Structure formats: C-alpha cells, structure tokens
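Let's walk through this structure together, one piece at a time. Keep the 3D view open as you read.

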Number of protein chains: 2
Amino acid sequence: MSASVGEFDLIARWFTRPVKRAALGVGDDCAVLTPRAGFQIAISTDLLVEGRHFLSTVPPQHLGHKSLAVNLSDLAACGAAPLAFTLSLALPRVEESFLDGFSKGLWALAEQHQLDLIGGDTTAGPLTIGITIFGEVPTDGALLRSGAKPGDELWVSGGLGDARLALEWFRDRVSLDEAGLRQARQAMELPEPRVELGQALRGVASSAIDLSDGLLGDLQHVLRRSGVGAVLEEGLIPRSALMARQTPELQRLCVLTGGDDYELLFTAAPLQRSSVLEAAKAARTPVTLIGRIVSEPGLSVVGASGHPVPIEDLRSFDHFVT
Amino acid sequence: MSASVGEFDLIARWFTRPVKRAALGVGDDCAVLTPRAGFQIAISTDLLVEGRHFLSTVPPQHLGHKSLAVNLSDLAACGAAPLAFTLSLALPRVEESFLDGFSKGLWALAEQHQLDLIGGDTTAGPLTIGITIFGEVPTDGALLRSGAKPGDELWVSGGLGDARLALEWFRDRVSLDEAGLRQARQAMELPEPRVELGQALRGVASSAIDLSDGLLGDLQHVLRRSGVGAVLEEGLIPRSALMARQTPELQRLCVLTGGDDYELLFTAAPLQRSSVLEAAKAARTPVTLIGRIVSEPGLSVVGASGHPVPIEDLRSFDHFVT
C-alpha cells in the first residue's frame with residue numbers, strides 16, 4: 001500500500017488513455033457515446049470475484065485479459081462490434097506490481113479490439129472487478145438466445161473443456177504434465193472471445209449464446225427462451241488432443257458442464273450451412289456441428305454409443321450452488 | 001442461505017420487470033438500447049462496498065435506494081435524462097429479507113425516474129453493489145466539469161453536511177437527539193439526486209459536478225479541468241437548521257469536506273443568474289450562490305469574518321486515504 005496513491009492518481013496512472021471512439025472518456029461525471037444512425041447499443045456487465053471467478057494464483061496480466069475477455073464474449077454472442085467499456089475495481093490495497101500487470105493485460109486486449117475505456121470507479125475492498133461493455137449492432141440485427149427453431153442445426157466454436165481441466169488440476173483431482181497444464185491454464189486464464197465470429201454470424205445464425213457456465217446449462221437457456229428442445233451428440237463435441245487423452249468421465253464433466261469456455265454456441269437453419277462455414281472461415285475460427293433443435297422441449301444427449309447420456313447429475317456451474 | 005435459489009431464480013424473482021424504454025432487457029447476453037436521433041448516451045458507473053460506502057447498519061431498502069441514487073446523481077451532473085441501468089450484485093448469501101428490502105428501495109427510485117433495469121450479474125462474494133447507469137442528452141449538450149470560466153458565479157443545490165453528521169454520530173464523535181439523528185440518517189441513506197435540476201441547467205450552467213466526495217475536493221476537480229481558480233465564501237454555504245446548531249468546527253468539517261451530499265455544484269455566467277433561478281424553480285430545488293470563479297488557479301475559502309480559512313488540513317474523502 002502506497003498511501004500517496006489516491007483514487008485519482010490511480011486512475012490517471014493505470015487506467016486513462018485518450019479515447020478514439022467515444023465522445024467523452026474518463027474524468028467527468030459521465031462518459032458519452034454517440035451512436036451511429038442505424039445502429040443500436042448492446043450492453044453487457046459482469047462482476048468477477050476472487051475465489052469464485054478466478055483463483056488467487058492467476059497472474060495479474062492474465063486477470064486483466066480475462067476480465068475484459070468474458071465481457072467481449074457477451075458482445076460476440078450478440079454479434080455486436082466492440083466500442084467501449086467501464087471498469088470498477090475494488091482492491092484490498094494499491095499494489096503497483098498488480099496494477100502494472102492487470103492494466104497491461106487489460107489494455108492489450110482492449111487495443112486488439114479497439115475498445116475505449118470510458119469510465120469507472122476504484123475503491124478499497126475485497127478484490128472485485130466489474131466491467132460493463134458497449135458494442136454496436138445494426139438496428140434489429142442482434143443475435144438473440146430466443147431465435148432457435150425446430151430443424152435448426154446446433155453449432156459450437158473452438159474446443160470445449162480445457163478451462164475446466166485446469167480447475168480440476170488446481171483442485172488436485174487430476175494430474176497433468178507440464179505442457180498439458182500450460183495449455184489448460186491458458187484456456188482458463190487467457191480465453192480468446194469470438195468477437196469476429198459473432199459479427200460474421202449476423203443474418204446467418206438464428207440464435208447464439210456464449211459458453212460461460214457450461215454447455216448443458218447455457219444450451220438450456222437457449223432452449224427455454226426459444227421454446228424448443230435439442231438433441232446433442234456427445235461424440236461430436238470438439239475437444240483438444242489434451243482433453244481427448246483424459247478419462248471418459250472427466251471428458252464428459254469438462255466438455256458438457258465445464259464452464260469458462262467462452263466459445264459461441266449457435267443455431268442455424270440447415271440451408272445456412274455453407275454460410276456458417278464461410279463465416280467461420282472469415283473469422284478464422286473453427287466451428288463444429290454438434291446436434292439439432294427439435295420442437296419438443298427438453299434436452300437429450302446421445303453418447304458415442306448411440307445411447308442416451310443421463311444428464312440429471314451433471315449440474316451446470318451456478319454461482320450460488322456449489 | 002437458501003440453496004434452492006440459484007442465480008437465475010434470484011434475477012427472475014427480484015430483478016426482472018418488463019422494460020419500457022430499452023429495446024431488450026434482462027435475459028440475453030446483452031441488453032440493447034436504441035438511441036434517439038440527435039441524442040447521445042451518457043454513462044456512469046459506481047461500485048459500492050460495505051464498510052466503505054455504506055455501513056452494515058443501513059436498512060436494505062435504504063441501501064437499494066442509495067445505490068441507484070448515487071448513479072442518478074452522476075447523470076444529473078451531466079444534465080442527462082435517465083434511461084436504464086445494469087446491476088451487479090455480490091452477496092455473501094441469498095437472504096430473502098435483504099433482497100426484498102433492497103429491491104423494494106431500488107425499484108421505487110427506478111420507477112420514480114422511469115429507469116429500466118436492463119441487465120446485470122449476481123454472484124456469491126462480499127457484499128458489493130455495482131451499477132452502471134445510462135441517460136440521454138442532446139448531442140453536445142452534456143454539462144461538463146471543464147466549462148467554468150473566470151467571472152462565473154459558483155452555485156450549489158440544497159444544503160450540505162447532514163450526511164457527514166450522521167457518519168460522525170456512527171463514529172461516536174457527536175451526539176444528536178432523536179429528531180436530529182433521523183434527519184442526518186435520512187440525508188446519508190436516502191439522498192435525492194437532483195435529476196430535474198441537472199436537466200434544467202443545460203444551456204444555463206457552464207460546468208457542473210455532483211458532490212459525492214465533499215465540496216472542497218469536488219470543486220477542485222472542476223477547477224483543475226477548467227484551468228481556473230475559485231473564491232468560496234464559507235458563510236454562504238447552505239446548511240440545515242440541524243447543521244447550524246453544531247459547533248463551528250464540526251460545521252466546517254461537514255459542509256466543506258463532508259461527502260455523500262449528492263447535491264449539484266455548478267457555475268454560470270452572472271448574466272445567467274435569472275435563468276439559474278428559473279431552472280431551480282422549475283426543478284423545485286433550492287440553489288445558493290456560494291462564490292465565484294477567478295482566472296488564477298487555486299481555491300481560497302473566505303470565512304464568515306472575511307479572513308481566509310486554511311484548507312490544507314481539510315482533506316477530501318478519498319477511498320484510498322483514510
């Protein structure tokens with residue numbers, strides 16, 4: 001704790017850069033965004049608490065990256081183009097090495113996506129990171145959870161489960177070699193939000209959501225809001241070679257309920273299949289067909305053997321049920 | 001702790017109502033606002049931490065009110081009309097009586113100002129409340145901290161210091177009778193943001209800020225950003241009859257450095273005096289002339305006797321300097 005670093009110095013030193021896209025950034029009572037004609041503002045907010053959303057072992061630079069990445073992932077799921085964000089930070093103390101690392105990771109990802117940091121709040125308190133992010137979408141062009149239709153195909157980007165594998169390692173429930181641990185930690189601490197894919201899927205996908213709480217739980221949000229059901233083929237779910245080397249039980253836990261994947265799960269009519277693949281190519285992001293939407297509500301998972309997988313025992317990550 | 005209440009039930013039960021002004025509210029990856037042509041979106045965010053921004057003694061209903069009030073006060077300072085907000089909540093446990101009270105206070109103030117709750121996040125963690133609020137202002141019409149000019153008059157709304165008086169009572173540094181304590185606690189726990197006054201001052205005031213950290217500290221933000229100085233007359237600072245009965249030292253502490261006032265401090269050219277008074281009348285909010293802006297940087301405070309008041313020892317509330 002450096003008693004000489006007040007709130008205003010802290011913001012000026014670590015969290016103020018000239019804005020490029022906002023009309024007014026950090027330093028006044030409000031920031032100001034000027035929306036372009038024909039566009040809407042998409043907004044998402046996340047609160048990250050130590051021990052719940054990240055471990056105390058995370059390097060500050062990775063934490064800065066991840067805090068913004070999880071919000072960018074929400075914009076991606078709506079097909080929005082990133083514009084700006086606000087940052088609220090409660091810190092137990094002003095620790096320069098933490099703030100150097102955290103801000104470095106945050107700014108690197110912000111600049112990659114041309115995001116302005118337009119405001120925020122800092123205070124003493126248990127380590128907590130609140131980000132609200134803003135994007136733009138053409139009017140009525142946002143991808144929603146509610147658009148899945150019977151007959152649609154179900155797709156997912158990237159590969160699932162590595163982040164959960166890292167968590168299981170930290171919980172001492174699995175052993176990994178050095179290369180495996182590095183890969184799993186990278187998935188957990190440095191997720192790459194699928195921002196380009198989300199935008200490329202506008203007008204192509206019928207619904208989308210980002211995978212933050214686990215495939216089964218997040219898919220059920222889509223099904224509920226769309227008033228449909230789904231058949232998911234477990235054997236089709238994409239996973240890394242590292243994941244494919246784990247036991248079948250661990251693979252099932254990680255890919256079906258893992259959480260922290262930050263991939264996009266989306267639906268599209270079968271006629272859109274070539275457009276989906278073009279969007280994926282344009283965004284340089286692999287996508288995989290993993291199931292289909294059916295009219296009867298409910299979710300069934302078919303195992304590699306063709307038999308149904310009992311999913312009652314696989315609970316999605318809920319921040320109030322542990 | 002009710003283990004049966006998950007995150008989604010919690011949001012559905014306490015924090016979901018149909019939106020009136022937003023294009024899309026709670027329940028998807030993003031909320032969506034459709035700005036009106038000719039308007040900009042003003043954005044502010046605040047993070048409230050127990051023990052730092054509120055005491056554990058605050059009734060939940062008052063906390064719900066205050067959490068939103070401090071954000072509305074930022075919109076007021078920009079002259080913005082309230083539109084919507086997001087709410088992030090970290091809770092040590094799901095306690096129905098707390099959530100009933102908190103949400104009741106929050107919704108009452110939200111409905112008074114026709115604010116939609118459009119999204120948020122809830123998690124387990126130390127009690128922390130993060131709100132990001134959205135308003136609209138005509139393009140280039142926002143009141144800023146940076147517009148004060150030499151010769152401008154310095155005004156403040158309402159009366160100052162009662163909230164700090166309550167804090168001093170909780171710290172056992174002052175005694176108050178029952179009616180006095182009630183009034184002081186009301187000021188601390190139920191501030192009324194000056195939303196109507198802020199909008200009425202657009203085109204009239206040259207700069208504005210809301211008083212959250214204390215008059216001296218907040219005035220210095222205006223002076224620094226405007227590149228000017230000010231002469232403040234201590235004897236002109238408006239205060240309640242309760243405040244006027246306290247010792248001169250305590251009055252000075254409370255009105256000059258108090259914090260948590262949520263009044264508007266603003267500047268206007270002398271020619272605008274009648275417009276200022278008309279705006280105040282239209283907003284049914286008292287305003288008082290308390291000083292003037294000068295070209296030479298720096299702040300001087302003149303006491304009732306005409307002698308300068310030494311302000312070096314009066315430090316504004318800084319959340320990292322206690």
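In chain B, strand 6 (residues 153–157) and strand 9 run antiparallel and are joined by four bridges. Helices (H or I, at least four residues) and strands (E, at least two) are DSSP runs, numbered from the N terminus, and two strands pair if DSSP finds at least two bridges between them. Within this pairing, B:L154 stands opposite B:T267 of strand 9. Strand 9 of chain B also pairs with strand 7 (residues 207–210) of chain B, again in the antiparallel sense and over four bridges; here B:I209 faces B:L265. Strands of a sheet pair through backbone hydrogen bonds, either parallel or antiparallel.

Before going further, please note that this is a predicted model, in which local features need pLDDT of at least 70, side-chain atom pairs count only at pLDDT 80 or more, and totals for chains, interfaces and linings use all residues. Residues are numbered from 1 along each chain as its sequence is written, chains are lettered from A and ligands numbered from 1 in the order in which they are written, and side-chain values use heavy atoms, with hydrogens and water left out.

How many residues of strand 9 (residues 264–268) of chain B are buried? Five of its five residues are, where buried means under 20% relative accessible area, exposed over 50%, and partly exposed in between (1.4 Å probe, protein chains only). In a regular strand the side chains alternate between the two faces of the sheet. Here B:L264, B:F266 and B:A268 are buried on one side, and B:L265 and B:T267 are buried on the other.

Now for a sheet that draws on both chains. Its five strands form an open sheet with mixed pairing, in the order 4(A)-3(A)-5(A)-2(A)-1(B). Strand 4 (116–124) of chain A and strand 1 (31–33) of chain B stand at the edges with a single partner strand each, so one side of each is left without a neighbour in the sheet. Inside the sheet, strand 2 (residues 39–49) and strand 5 (residues 128–138) of chain A pair in the antiparallel sense over 11 bridges, and A:D46 has A:I131 of strand 5 as its bridge partner.

Two helices of chain A lie across these strands. Helix 2 (residues 60–78) of chain A lies across strands 2, 3 and 5 of that chain, at about 30° to strand 5; helix 3 (residues 96–112) of chain A lies across strands 3, 4 and 5, at about 165° to strand 3. Axes are lines fitted to C-alpha atoms, for helices over the stretch in contact (heavy atoms within 4.5 Å), and angles run from 0 to 180 degrees between N-to-C directions. In chain B, the axes of helix 2 and helix 3 come within 6 Å and cross at roughly 40°.

Most residues other than glycine have a negative phi. A:Q114, in the loop between helix 3 and strand 4 of chain A, has a positive phi of about 50° and counts as exposed at 58% relative accessibility. B:R284 also has a positive phi of about 50°; this residue sits in the loop between helix 10 (273–282) and strand 10 (287–294) of chain B and is exposed, with a relative accessible area of 70%.

Finally, how do the two chains relate? A rotation of 180° with 0.0 Å of shift along its axis superposes chain B on chain A (RMSD 0.0 Å), by least squares on the C-alpha atoms of residues with pLDDT of at least 70 in both. The two copies are thus related as by a two-fold rotation axis.
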